[in-house]
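Let me put the structure up and then talk you through it.

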Amino acid sequence: MATDDVTRRGDRLGRSGLPLRPGPRGRRLRTAVIGAVLAGYAWAAGAAVPFSTTSLVLVLIPGVVIAAIAYAWPPERIPAPDRLDITGMFWWVIAVAALFEWEASAYKDNSLPWHPSLTDLINPMIGPHIVKSAAILLWIMVGWALVRR
Amino acid sequence: MIMSTRAITIAGFIIVIAAMFVLEFLARRPGSRIPTLGQWLGYLMRPRIGRVLILLGWWWLGWHYFAR
């Protein structure tokens, strides 16, 4: 709507007099632009040759950016619970411990074909460029979700 | 039919990961005592050291799968 970008009472204004937070239309546009940039980045990173300096740098950049945002410009965080239900949390502990144990047993056995590690199973799956790029995009989004926690 | 050791290993991973999805589903039911993945990660990330370690773990996953 035409009134989407109109300053409302309670909006925090920047030095220019414009609201610091964009309206719904501005938010959609900003989300679309960020999404396009991240998708392009993931596509480029997905094309990098493994074990190359380029692939290392392309993985380092999101890490540095996320760390910088978390340290210097932390976004509004989703409040964490003050305490967790021990019984409920126990189920998660079992699942996570089982995953680590299963992975550790494969790793200990040198990830032989008859006892592959999770990495051995996932690497062929993310071989195609488009799948790897999608996985990188998902990884970046998980990083952003973690920063908000 | 006898499953090969490889098939058993893969089935183990599938079962554990599927169990995590089930837990997340159960956690999202109203009144559930099970925390969601986001809730317990958020709880672990309350102290600064927890935040740093979780973010390092996230970055390590990216390096492990996408740079190697």
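A quick word on ground rules. This is a predicted model, where local features need pLDDT of at least 70, side-chain atom pairs count only at pLDDT 80 or more, and totals for chains, interfaces and linings use all residues. Residues are numbered from 1 along each chain as its sequence is written, while chains are lettered from A and ligands numbered from 1 in the order in which they are written.

So, confidence. The model comes with ipTM 0.89 and pTM 0.81. On pLDDT, which is the predictor's confidence in each residue on a scale from 0 to 100, chain B has a mean of 92, with 97% of its residues at 70 or more. Chain A averages 85, and 85% of its residues score at least 70. Within chain A, residues 1-7 have pLDDT below 50, and beyond near neighbours in sequence that stretch has seven contacts in the model. By contact I mean two residues whose C-beta atoms, placed from the backbone, lie within 7 Å.

Now chain A. What does its secondary structure come to? Of the 149 residues of chain A, 12% count as buried. The cut-offs: buried is 20 or more other C-beta atoms within 10 Å of the residue's own, exposed is 12 or fewer, partly exposed is in between, and the C-beta atoms are placed from the backbone. If you take contacts in chain A between residues at least 6 apart in sequence, 45% of them join residues at least 24 apart.

F51(A) is in the loop between helix 1 and helix 2 of chain A. Its phi is near 65°, a positive value in a residue other than glycine. Is F51(A) buried or exposed? Exposed, because it has 9 C-beta neighbours inside 10 Å.

Moving into helix 2 of chain A, there's L56(A). It counts as partly exposed because 16 other C-beta atoms lie within 10 Å. L56(A) and A45(A) are eleven residues apart in sequence, and C-alpha to C-alpha they are 9.4 Å apart in space.

On to chain B. Here we have three helices and zero strands, running α-α-α from the N terminus. Of its 68 residues, 19% count as buried. What about its radius of gyration? Chain B has 16 Å, whereas a compact globule of 68 residues would be near 11 Å. That radius is taken over C-alpha atoms, and the globule rule is 2.2 Å times the number of residues to the power 0.38. Along its principal axes, the C-alpha trace of chain B spans about 50 × 40 × 15 Å. The chain is divided into domain 1 (1-34) and domain 2 (35-68), with bounds that come from an automatic or database domain assignment. The centres of those domains of chain B, over C-alpha atoms, are 21 Å apart.

Last part: where the chains meet. The contact takes 42 residues from chain A and 33 residues from chain B. On the chain B side, helix 1 (5-27), helix 2 (37-44) and helix 3 (48-67) each supply at least two residues. Helix 3 of chain B gives the largest share of that side, eleven residues. By class, the chain B side has 21 nonpolar, eight polar and four charged residues. Nonpolar here covers Ala, Val, Leu, Ile, Met, Phe, Trp, Tyr, Cys and Pro, charged covers Asp, Glu, Lys and Arg, and the others, Gly among them, are polar.

Leaving aside neighbours within four places in sequence, G63(A) is in contact with W59(B) and G62(B). G63(A) is partly exposed, because 18 other C-beta atoms lie within 10 Å.

And the core. Which residues make up the largest nonpolar core? There are seven: A42(A), A45(A), L58(A), V59(A), I136(A), I140(A) and F66(B). Helix 1 (24-46), helix 2 (53-72) and helix 5 (129-147) of chain A are the elements that give two or more residues to it. A nonpolar core is a set of buried Ala, Val, Leu, Ile, Met, Phe, Trp, Tyr and Cys residues joined through C-beta atoms within 7 Å. I140(A), from that core, touches L38(A), A42(A) and P62(A), leaving aside its neighbours within four places in sequence.

Methods. Helices (H or I, at least four residues) and strands (E, at least two) are DSSP runs, numbered from the N terminus.
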